[in-house]
Amino acid sequence: MLPGGQPAPAGRLGTGWWLGQIRGVGPHEELAPIRRCKFLLYRQGRKRSACAPCHLMPGAAKLWPGPLQQGNLRMDGQSGLVRVHSARLAYEAAGSGPAVLLVHGFALDSRIWDAQFEALVAARYRAIRLDLRGFGQSPMPATAPYDHSRDMKALLDHLDIEQASVVGCSMGGALAINFALAYPQATRVLVCVGSWLGGREWSREFEEVQAPLEAILRKSGVETAKEYLVQSPFMAPTMRNLDSAQAARFRQIVLDYSGWHWDNADPQMALEPPAAARLNEITTPSLILVGEHDHPEFQEISAILTQGL
């Protein structure tokens with residue numbers, strides 16, 4: 001079952017882009033027993049869950065690795081640019097039922113959720129996805145300070161949605177956490193996939209891996225840096241687990257990234273105090289996922305979230 005008690009779309013276990021499926025969560029329920037299978041680390045309620053052999057336990061969360069879709073989705077819904085505070089955001093919303101907000105990662109955009117968006121609508125959810133400022137079809141940030149969480153809340157308000165399950169991947173996971181802290185009453189379920197964590201300093205090992213990207217940016221510019229990023233330790237595990245069509249699609253999404261955040265001072269406001277110091281404030285039912293072959297930094301962050309939420 002997915003958040004709200006809706007039936008989950010059928011699928012097979014495997015790799016690729018997926019959405020962790022949470023059992024129905026009521027106002028006072030805890031998550032179903034969640035376990036490690038293939039490449040995942042989870043939590044149960046407010047306790048760490050034990051690892052299990054590589055098969056799905058009865059009642060456990062499952063994976064649905066839908067393929068990245070080509071072309072435009074054809075379904076009734078809303079899309080376009082919506083004005084939020086000092087900016088406009090590109091978004092798409094479709095379906096009816098419990099709302100699920102999908103938040104993409106850095107150097108990506110809302111297209112990474114193509115398969116999940118379609119599956120959620122088919123499963124009778126109201127799916128919402130957006131391009132964050134400076135990504136995808138959303139204009140670049142202006143000089144005025146802004147807050148992604150406020151943008152996300154303004155989008156939900158525009159759509160007359162009081163509460164949503166918030167699913168974030170990578171950077172989007174950190175933003176989903178910030179949203180849950182800023183707007184707990186608007187967050188039904190929190191799902192973090194290979195997440196960052198605001199306020200946690202990157203390790204020296206991670207900085208060393210990132211150094212070549214920074215050097216390429218300085219020497220060869222944004223376009224070459226994007227080509228490197230697709231093959232870097234950050235994205236190589238994803239590329240290896242996609243078929244040729246999916247890999248080409250994912251690569252194109254990265255190459256379409258403007259690179260604005262690399263070349264400009266981003267006026268994005270940081271959450272204060274940061275999320276890393278406030279995980280115990282989050283009482284929202286949560287699901288933490290990470291790839292077995294993901295970078296150790298993100299595995300460590302997922303372990304911190306598993307323990308702290």
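I take contact to mean heavy atoms within 4.5 Å. The model I am reading is predicted.

**Entry: core.** I looked up the largest nonpolar core and found 73 residues in it. Leu-130, Ile-177 and Leu-305 have the most contacts inside this core. Helix α3, residues 171-182, gives the most to the core, with seven residues.

**Entry: Leu-130.** I listed its contacts, leaving aside neighbours within four places in sequence. The list includes Leu-89, Ala-90 and Tyr-91.

**Entry: strand β8.** Next I checked residues 126-131, which form β8. Six of its six residues are buried. Which residues lie on each side? I noted Arg-126, Ile-128 and Leu-130 on one side, and Ala-127, Arg-129 and Asp-131 on the other. In a regular strand, side chains alternate between the two faces of the sheet.

**Entry: partners of β8.** I then followed the bridges. Strand β6, residues 87-94, runs antiparallel to β8 and is joined to it by five bridges. Strand β7, residues 99-103, runs parallel to β8, with four bridges. Arg-129 stands opposite Glu-92, and Arg-129 is also the bridge partner of Leu-102.

**Entry: helices α2 and α3.** I looked up how α2, residues 148-158, packs on α3: the angle is about 70°, and the axes are 9 Å apart. Angles of 65 to 115 degrees count as roughly perpendicular, so I log α2 and α3 as roughly perpendicular to each other. By class, I count four nonpolar, three polar and one charged residues in this contact. From α2 come His-148, Ser-149, Met-152, Lys-153 and Leu-156. They meet Leu-175, Asn-178 and Phe-179 in α3.

Note on methods: Residues are numbered from 1 along each chain as its sequence is written. This is a predicted model: local features need pLDDT of at least 70, side-chain atom pairs count only at pLDDT 80 or more; totals for chains, interfaces and linings use all residues. Side-chain values use heavy atoms; hydrogens and water are left out. A nonpolar core is a set of buried Ala, Val, Leu, Ile, Met, Phe, Trp, Tyr and Cys residues joined through side-chain atoms within 4.5 Å. Buried means under 20% relative accessible area, exposed over 50%, partly exposed in between (1.4 Å probe, protein chains only). Helices (H or I, at least four residues) and strands (E, at least two) are DSSP runs, numbered from the N terminus. Axes are lines fitted to C-alpha atoms, for helices over the stretch in contact, and angles run from 0 to 180 degrees between N-to-C directions. Angles under 35 degrees count as roughly parallel, over 145 as roughly antiparallel, 65 to 115 as roughly perpendicular and the rest as oblique. Ala, Val, Leu, Ile, Met, Phe, Trp, Tyr, Cys and Pro count as nonpolar, Asp, Glu, Lys and Arg as charged, and the others, Gly among them, as polar. Two strands pair if DSSP finds at least two bridges between them.
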